[in-house]
Amino acid sequence: MIGYSCPQCRTPLQAPDDRVGTTNPCPRCGAAVQVPAASSNKTLFIVLGVVGGVIVLGFMFCCLSVLAIQLLGTNSSKMFQTVAESIGSGS
Ligand SMILES: [Zn+2]
């Protein structure tokens with residue numbers, strides 16, 4: 001089934017998939033409404049795709065930042081040691 005709405009009175013309508021492109025009269029206002037090719041579902045898929053993409057990107061960013069923190073952590077602790085050693089040898 002394809003869900004769509006009447007452009008005249010905004011009544012939610014439904015039509016079987018094989019009625020795509022055909023014009024049906026609106027049961028409320030009588031306007032001739034063409035059955036769209038599942039455009040409402042397409043919008044849902046686009047929204048889902050965007051949300052999914054953002055989640056995947058966020059997950060990847062989290063993984064990369066954790067990796068970067070680990071790499072920086074080891075590097076900075078080494079730097080800290082060398083700084084501490086130079087301070088210790090200086091005084
Ligand atoms: Zn209508």
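A residue is taken as buried if 20 or more other C-beta atoms lie within 10 Å of its own, as exposed if 12 or fewer do, and as partly exposed in between, with C-beta atoms placed from the backbone. By this criterion, buried residues account for 1% of the 91 residues in the protein. The structure is a predicted model, in which local features need a pLDDT of at least 70 and side-chain atom pairs count only at pLDDT 80 or more, while totals for chains, interfaces and linings use all residues. Residues are numbered from 1 along each chain as its sequence is written.

The pLDDT, which is the predictor's confidence in each residue on a scale from 0 to 100, averages 87 over the protein, and 88% of the residues score at least 70. Confidence is highest in strand E4 (residues 32–34), with a value of 95, and lowest in helix H1 (residues 39–90), with a mean of 83. Where pLDDT is low, the predicted coordinates should not be read in detail.

Helices (H or I, at least four residues) and strands (E, at least two) are DSSP runs, numbered from the N terminus. On this basis the protein contains one helix and four strands, and their order along the sequence is β-β-β-β-α. Two residues are counted as in contact if their C-beta atoms, placed from the backbone, lie within 7 Å; among the contacts between residues at least 6 apart in sequence, 19% join residues at least 24 apart.

Strands are regarded as paired if DSSP finds at least two bridges between them, and E1 and E2, which run antiparallel, are joined by four bridges. Within this pairing, isoleucine 2 has alanine 15 of E2 as its bridge partner. The two strands, E1 and E2, form a hairpin with six residues between them, and arginine 10 is located in this loop, between strand E1 (2–5) and strand E2 (12–15). The phi of arginine 10 is near 65°, a positive value in a residue other than glycine, whereas most residues other than glycine have a negative phi. Arginine 10 counts as exposed because it has 10 C-beta neighbours inside 10 Å.

A further loop, between E2 and strand E3 (23–25), holds glycine 21, which likewise counts as exposed because it has 9 C-beta neighbours inside 10 Å. When its neighbours within four places in sequence are left aside, glycine 21 is in contact with Gln34 and Val35. The C-alpha atoms of glycine 21 and glutamine 34 lie 5.9 Å apart in space, although the two residues are 13 residues apart in sequence.
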